[in-house]
Amino acid sequence: MSIQRVRAYFERLGVADRIQEFDVSSATVELAAVAVGVEGARIAKSLSFKVEDDPIIVVAAGDAKVDNSRYKAQFHTKAKMLTHEEAHDLIGHDVGGVCPFALPEGVKVYLDVSLKRFETVFPAAGSSNSAIELTCGELERYASNFVEWVDVCKAWQ
């Protein structure tokens with residue numbers, strides 16, 4: 001299971017004890033917000049896309065939506081989300097638990113500026129019933145293969 005991989009990844013960083021596991025699903029923004037007890041916007045959703053043949057992850061605030069024109073300007077291609085099978089095979093996490101941690105080397109991570117308005121955010125930790133509370137600085141530091149902050153979302157301002 002990928003939560004064990006994420007836990008081992010965070011063990012090396014000294015923050016594994018901050019992972020929260022729930023008795024209920026946190027597989028969607030709405031469910032995660034209820035499980036964690038915060039507004040949905042503070043859930044850091046990890047969206048997996050394919051750029052050419054390479055998988056990438058864009059982490060955005062729970063209330064943000066990908067803006068197709070901004071995405072295309074940033075990545076020079078249309079936004080094409082991975083299928084459930086592709087996410088499992090290429091990212092190593094199943095949909096509902098996709099996160100920017102403990103990823104294969106070739107999976108690049110981009111963080112959307114929609115997250116920066118919060119002191120802390122809650123990305124998943126590799127399963128459909130987990131999360132970890134991180135500052136944006138920690139999210140940037142701990143994300144596997146972090147590339148840069150991007151501005152590819154709308155509807156959150």
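Student: Which order do the six strands of the open sheet have, and what kind of pairing do they show?

Tutor: Keep in mind that this is a predicted model. As a general idea, strands of a sheet pair through backbone hydrogen bonds, either parallel or antiparallel. In this structure the six strands of the open sheet follow the order β8-β6-β2-β3-β5-β9, and the pairing is mixed. The edges are formed by β8 (134-135) and β9 (146-150), each of which pairs on one side only.

Student: How many bridges join β2 to β6, and do these strands run parallel or antiparallel?

Tutor: Strand β2, residues 43-51, is joined to strand β6, residues 120-123, by two bridges, and the two strands run parallel. As a point of reference in the model, Ala44 stands opposite Pro123 in β6.

Student: Which strands does helix α2 touch, and how is its direction set against that of β2?

Tutor: Helix α2, residues 29-36, packs on the sheet with contacts to β2 and β6, and its direction makes about 150 degrees with that of β2. Helix α4, residues 84-91, lies across β2 and β3 (54-61) and runs at about 90 degrees to β2.

Student: Which residues of α2 are buried, and which are exposed?

Tutor: In α2 the buried residues are Val29, Ala32, Ala33 and Val36. They cover an arc of only 100 degrees around the axis, and therefore lie on the same side of α2. Glu30 and Val34, on the other side of α2, are exposed. The buried residues of the helix pack against β2, β6 and β7 (130-132), and α2 is followed by Gly37, whose phi is positive, near 90 degrees.

Student: Which residues have the most contacts inside the largest nonpolar core, and which element gives the most to this core?

Tutor: The largest nonpolar core has 48 residues, and those with the most contacts inside it are Phe10, Phe101 and Leu115. Two or more residues come from each of α1, β2, β3, α3, β5 (108-112), α5 and β9, while β3 gives the most, with six residues. A second, separate core has nine residues, among them Val29, Ala32, Val38 and Phe122; of these, Val29 and Ala32 are buried residues of α2.

Student: Where is Phe101 placed, and what is it in contact with beyond its neighbours in sequence?

Tutor: Phe101 has its place in the loop between α4 and β5, and it counts as buried because its relative accessible area is 0%. If its neighbours within four places in sequence are left aside, Phe101 is in contact with residues including Val6, Tyr9, Phe10, His93, Pro123, Leu139 and Tyr142. Phe101 and Ser2 are 99 residues apart in sequence, yet their C-alpha atoms are 9.6 Å apart in space. For Leu115, leaving out residues up to four places away in sequence, the residues touched include Ala44, Val59, Val121, Leu139 and Trp149.

Student: How many salt bridges does a search of the whole structure find, and which residue does Glu21 pair with?

Tutor: The search of the whole structure finds six salt bridges, one of which is formed by Glu21 and Arg7, with 2.5 Å between the closest N and O atoms. Glu21 lies in strand β1 (residues 19-21) and Arg7 in helix α1 (residues 2-13), so this pair ties together parts that are 14 residues apart in sequence. Glu21 is partly exposed at 47% relative accessibility, and Arg7 is partly exposed with a relative accessible area of 27%.

Student: Which parts of the chain are linked by the pair of Glu138 and Arg18, and which by the pair of Asp151 and Arg70?

Tutor: Glu138 and Arg18 form a salt bridge whose closest N and O atoms are 2.9 Å apart. This pair links distant parts of the chain, with Glu138 in helix α5 (residues 136-142) and Arg18 in the loop between α1 and β1, 120 residues apart. Glu138 counts as buried at 13% relative accessibility, whereas Arg18 is partly exposed at 28%. The side chains of Asp151 and Arg70 meet in a salt bridge at 3.1 Å, N to O. Asp151 lies in the loop between β9 and β10 (153-154) and Arg70 in helix α3 (residues 68-75), so the pair ties together parts that are 81 residues apart in sequence.

Methods:
Residues are numbered from 1 along each chain as its sequence is written. This is a predicted model: local features need pLDDT of at least 70, side-chain atom pairs count only at pLDDT 80 or more; totals for chains, interfaces and linings use all residues. Side-chain values use heavy atoms; hydrogens and water are left out. Two strands pair if DSSP finds at least two bridges between them. Helices (H or I, at least four residues) and strands (E, at least two) are DSSP runs, numbered from the N terminus. Contact means heavy atoms within 4.5 Å. Axes are lines fitted to C-alpha atoms, for helices over the stretch in contact, and angles run from 0 to 180 degrees between N-to-C directions. A salt bridge is a side-chain nitrogen of Lys or Arg within 4 Å of a carboxyl oxygen of Asp or Glu. Buried means under 20% relative accessible area, exposed over 50%, partly exposed in between (1.4 Å probe, protein chains only). A nonpolar core is a set of buried Ala, Val, Leu, Ile, Met, Phe, Trp, Tyr and Cys residues joined through side-chain atoms within 4.5 Å. The arc is that of the directions from the helix axis to the C-beta atoms.
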